[in-house]
Amino acid sequence: MSKEEGTSTVATNRRARHDYEIEDHLEAGIALTGTEVKSLREGRASLVESFVSIDRRGEMWLENANIPEYLNGTWNNHAPKRKRKLLLHAREIAKMSRQIEAKGYTIIPLSIYFKDGRVKVEVALARGKREFDKRQSLREAQDKREAQRAMRYKNMKG
């Protein structure tokens, strides 16, 4: 049993839910160095322009994710935007690679979090939204907020 239990989110990719239509989720482990884990424990990470790639050997990599250098690290510190290997079963990687061969699909990281003391990455199979889809989803969210506001106002009066 690990010392830590439960989950605590380090970083989320909020832009991903706006720019992409999420199809399928998957939880993956990630191979990190010691200073990267210490930097994540301080809550320092960014997934803004990151993406996931699959190489020809069938390995999944997280690229462009920014985990800043550990402030108390020595000469042995890590590079902030290096490629990091995602730890998944071969059948999960094969399934995802078959799905991204379809037109318009990509794999994006949604969040980095600690689960029972281990760093996990939530990756998703996603299809890019077009501009009118983005406007439509914003309009739906705004309508939902207005309906909630009206209900709350009506309940306060009654």
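Trainee: In this predicted model, what makes both faces of strand S4 count as covered?

Mentor: Strand S4 spans residues 60–63, with Met60 and Leu62 on one side and Trp61 and Glu63 on the other. A residue is called buried when its relative accessible area is under 20%. All four of these residues are buried, and both faces of S4 are covered.

Trainee: What makes S4 and strand S5 a pair?

Mentor: Three bridges join S4 to S5, residues 84–87, and the cut-off is at least two, so these strands pair as well. They run antiparallel, and Leu62 stands opposite Arg84 in S5.

Trainee: Why are S1 and S3 said to stand at the edges of the sheet?

Mentor: The open sheet has seven strands in the order S1-S6-S7-S2-S5-S4-S3, with antiparallel pairing. Strands S1 (7–12) and S3 each have a single partner strand, so one side of each is left without a neighbour in the sheet. From one strand to the next, the twist averages 40 degrees. Helix H2 packs on this sheet, touching S1, S5, S6 and S7, and its direction makes about 75 degrees with that of S6.

Trainee: Why is Glu36 called buried?

Mentor: Glu36 lies in helix H2, residues 34–41. Its relative accessibility is 0%, and the limit for buried is under 20%, so Glu36 counts as buried. Leaving aside neighbours within four places in sequence, Glu36 is in contact with Ile67, His78, Ala79, Arg82 and Arg84.

Trainee: Which residues have the most contacts inside the largest nonpolar core?

Mentor: They are Met60, Leu86 and Val123, in a core of 23 residues. The elements that give two or more residues to this core are strand S2 (20–30), S4, helix H3 (90–100), S6 and S7.

Trainee: What makes Leu86 a contact of Val123?

Mentor: Contact requires heavy atoms within 4.5 Å. Leu86 is among the residues in contact with Val123 once neighbours within four places in sequence are set aside, and others include Leu26, Val52, Met96 and Ile107.

Definitions and conventions:
Residues numbered from 1 in each chain as written. Predicted model: local features only at pLDDT ≥ 70, side-chain atom pairs only at ≥ 80, totals over all residues. Heavy atoms only, no water. Buried < 20%, exposed > 50% of the residue type's maximum accessible area, 1.4 Å probe, protein only. Helix = DSSP H or I, 4+ residues; strand = E, 2+ residues; numbered from the N terminus. Axes fitted to C-alpha atoms, helices over the stretch in contact; angles between N-to-C directions. Core = buried A, V, L, I, M, F, W, Y, C linked by side-chain atoms within 4.5 Å.
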